[in-house]
Amino acid sequence: MPKKQTRQNLCPECETPVKDPYKTWELVAPFPDKKMRITVTIFGIYECPKCGKKFRAVVSKAKLGTESIEL
Ligand SMILES: [Zn+2]
């Protein structure tokens, strides 16, 4: 099983794969899990080059340990 999954974000209208989101933002979980890690989910807005449909999808997820956060 491959560790890293390359995500194909397909247009919900015409199923054209859309490479890059034109806008992204991070959603940080308000509470840490049992190991005191914070889950950060990166969302993106994609625009289909074929039909112009805009859709949201998860770009990636990351878990941050408190000791690895540097401000
Ligand atoms: Zn489309």
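Two residues are taken to be in contact if their C-beta atoms, placed from the backbone, lie within 7 Å. The structure is a predicted model, in which local features need pLDDT of at least 70 and side-chain atom pairs count only at pLDDT 80 or more, while totals for chains, interfaces and linings use all residues. Residues are numbered from 1 along each chain as its sequence is written.

By this contact criterion, G44 touches P21, K23, T24, A57 and V59, with residues up to four places away in sequence left out of the count. G44 belongs to strand β4, which spans residues 37–47; strands (E, at least two residues) are DSSP runs numbered from the N terminus. G44 counts as partly exposed because it has 19 C-beta neighbours inside 10 Å. In this scheme a residue is buried if 20 or more other C-beta atoms lie within 10 Å of its own, exposed if 12 or fewer, and partly exposed in between, the C-beta atoms being placed from the backbone.

Positive phi values in residues other than glycine were also examined. E15 has a phi near 60° and is located in the loop between β1 (9–10) and β2 (17–18). Since 10 C-beta neighbours lie inside 10 Å, E15 counts as exposed. Phi of M36 is likewise positive, near 60°, and M36 is situated in the loop joining β3 (23–28) and β4. M36 has 10 C-beta neighbours inside 10 Å and therefore counts as exposed.

Key:
Helices (H or I, at least four residues) and strands (E, at least two) are DSSP runs, numbered from the N terminus.
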